[in-house]
Amino acid sequence: MKMKYSFRILPAFVAVGMLAGCSKNPVTGKKEIVFMSQEKEIALGAESHPSIVATMGIYDDKNLQSFINEKGMAMAKISHRPDLPYKFFIVDSPVVNAFAVPGGYVYFTRGIMAHFNNEAEFAGVLGHEIGHITARHSARQQTSQIFGQVGLAAGMILSPQVRAMGEQAQQALGLLFLSYSRDHETESDKIGVDYSSKIGYDAKEMADFFGTLKRISEKAGQSIPTFQSTHPDPGDRMQKVGKLATEYQIAHPGKYNVNRDAYLRKIDGVIYGNDPQQGFVENNNFYHPSLKFQFPVPSGWQYENSPAQFQMAAKDGKSMMLFTLAQGKTLDEAAQAVVKNYGLKVIENEKATINGNPAVVMVSQQAEQGQNGQAVAATANTIQVGTWLIQYGGNIYAIHGVATAGNYAANAGQFRSVAQGFKSVSDQSILNRQPERIRIKTAQRDATLREVLKDNNQPDGKLDELAIINGMALTDRVAKGSLFKTLGK
């Protein structure tokens with residue numbers, strides 16, 4: 001959580017005023033009815049980009065950024081839609097993911113960049129994401145599905161890892177996500193093979209990366225049965241992509257590059273996992289070293305930290321809390337902005353002091369309207385929000401507790417306890433916490449991966465994770481002089 005940007009609900013990308021038309025798909029060559037023109041696609045990408053940056057942040061690595069720009073533009077030129085204004089970004093998230101939005105905007109997380117083990121793996125995923133754009137999957141999807149309020153989840157290469165925040169609470173706070181169909185994902189896999197091969201990379205490495213994704217899912221306990229997921233199982237994709245790559249290379253004999261060492265040197269020093277300076281949870285507390293504050297996290301609650309906000313929820317999905325930077329220069333301005341942005345009707349409003357910090361406390365309900373535009377009476381299912389606005393360190397922070405009106409009273413004490421636990425941090429061991437980084441080492445002897453990791457003082461508890469990061473088994477042999485990944489400060 002960087003707090004460089006004030007939180008705002010992302011605009012809904014609804015196809016208002018778009019005319020349906022019959023056009024030829026640039027990839028398939030088939031005629032199809034779509035609701036989105038190319039001009040609208042480009043505008044949508046430009047419109048969504050600032051919100052993606054505010055939500056995730058840009059990872060500052062000029063050499064790595066130069067690399068993805070170079071390969072991205074090379075692939076754009078040989079794609080089915082070379083005329084689009086393509087833009088490529090590395091976003092500051094530890095999640096292993098890549099995604100695209102219409103109009104040529106492609107994003108890689110630093111988490112996925114850390115997990116690639118060669119340029120060919122990266123190129124395959126790059127081709128997959130550009131494939132979503134060139135095949136107009138977003139436009140085709142709109143014939144049956146309206147865009148959610150967060151465009152950044154479109155085109156995830158790994159099934160979404162969004163924790164259970166409760167469906168109604170998600171809708172109230174604009175946290176809806178869009179995913180592509182299995183057919184679209186499979187089509188993009190094939191395009192990824194074609195595009196990466198055309199710029200000279202071995203697409204068999206793309207297949208191997210799906211093996212890495214499968215291992216990540218299994219380690220996290222997030223393996224999803226193929227037929228219960230909108231994204232094909234990574235294991236199935238590994239087999240299918242491997243077959244497609246082999247067929248392509250038989251039909252087009254030539255030299256296909258992997259470029260392992262060159263890629264590993266590029267990611268030496270990349271931050272791995274959560275950056276504690278952006279906030280972290282420890283001993284049931286959320287700490288933000290850069291902004292010097294903390295607040296409690298209820299025991300057993302699931303949580304998600306991003307540059308723009310921290311959200312957490314009870315496992316039953318019946319209540320959630322959201323912490324973010326408030327809009328406005330004063331507490332009164334911030335209160336007005338909350339009511340306007342979330343469409344709330346205030347029930348209670350009072351001034352308070354929380355651990356020496358000026359505050360405003362509100363209880364509100366989501367204002368509902370009937371078909372005739374008239375206000376509808378609140379029910380047990382109406383969303384109710386408790387808001388604590390706290391002035392601290394030159395900023396105004398908002399803590400929202402969200403539940404249905406029927407469940408709000410049961411959760412009010414928990415919400416209040418979190419908000420009243422907001423206070424400053426002075427512990428130097430918290431304030432000076434540093435992130436782990438990928439550190440590239442050279443094997444000093446012929447040995448197993450386990451042995452060369454132990455040679456470099458990697459802890460036993462990290463060995464399984466390091467095997468996944470390296471795309472190897474701990475028993476695999478590493479030749480003397482070979483490069484491999486370790487973790488260090």
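**Exercise 1.** Is Arg110 buried or exposed, and what is its relative accessible area?

*Solution.* The model is predicted, so local features need pLDDT of at least 70 and side-chain atom pairs count only at pLDDT 80 or more, while totals for chains, interfaces and linings use all residues. Residues are numbered from 1 along each chain as its sequence is written, and side-chain values use heavy atoms, with hydrogens and water left out.

Step 1. Buried means under 20% relative accessible area, exposed over 50%, and partly exposed in between (1.4 Å probe, protein chains only).
Step 2. Arg110 has a relative accessible area of 2% and is buried.

**Exercise 2.** Describe the salt bridge between Asp92 and Arg110.

*Solution.* 
Step 1. A salt bridge is a side-chain nitrogen of Lys or Arg within 4 Å of a carboxyl oxygen of Asp or Glu.
Step 2. In the pair of Asp92 and Arg110, the closest N and O atoms are 2.5 Å apart.
Step 3. Asp92 sits in the loop between strands E3 (87–91) and E4 (98–101), and Arg110 in helix H3 (residues 110–115), so the pair ties together parts that are 18 residues apart in sequence. Helices (H or I, at least four residues) and strands (E, at least two) are DSSP runs, numbered from the N terminus.
Step 4. Asp92 is buried too, at 7% relative accessible area.

**Exercise 3.** Describe the salt bridge between Glu247 and Lys243.

*Solution.* 
Step 1. The N to O distance in this pair is 2.7 Å.
Step 2. Both residues belong to helix H9 (residues 234–251), 4 residues apart, about one turn of the helix.
Step 3. Glu247 is partly exposed at 39%, whereas Lys243 is exposed at 53%.

**Exercise 4.** State how many salt bridges the structure holds.

*Solution.* The structure holds 15 salt bridges.
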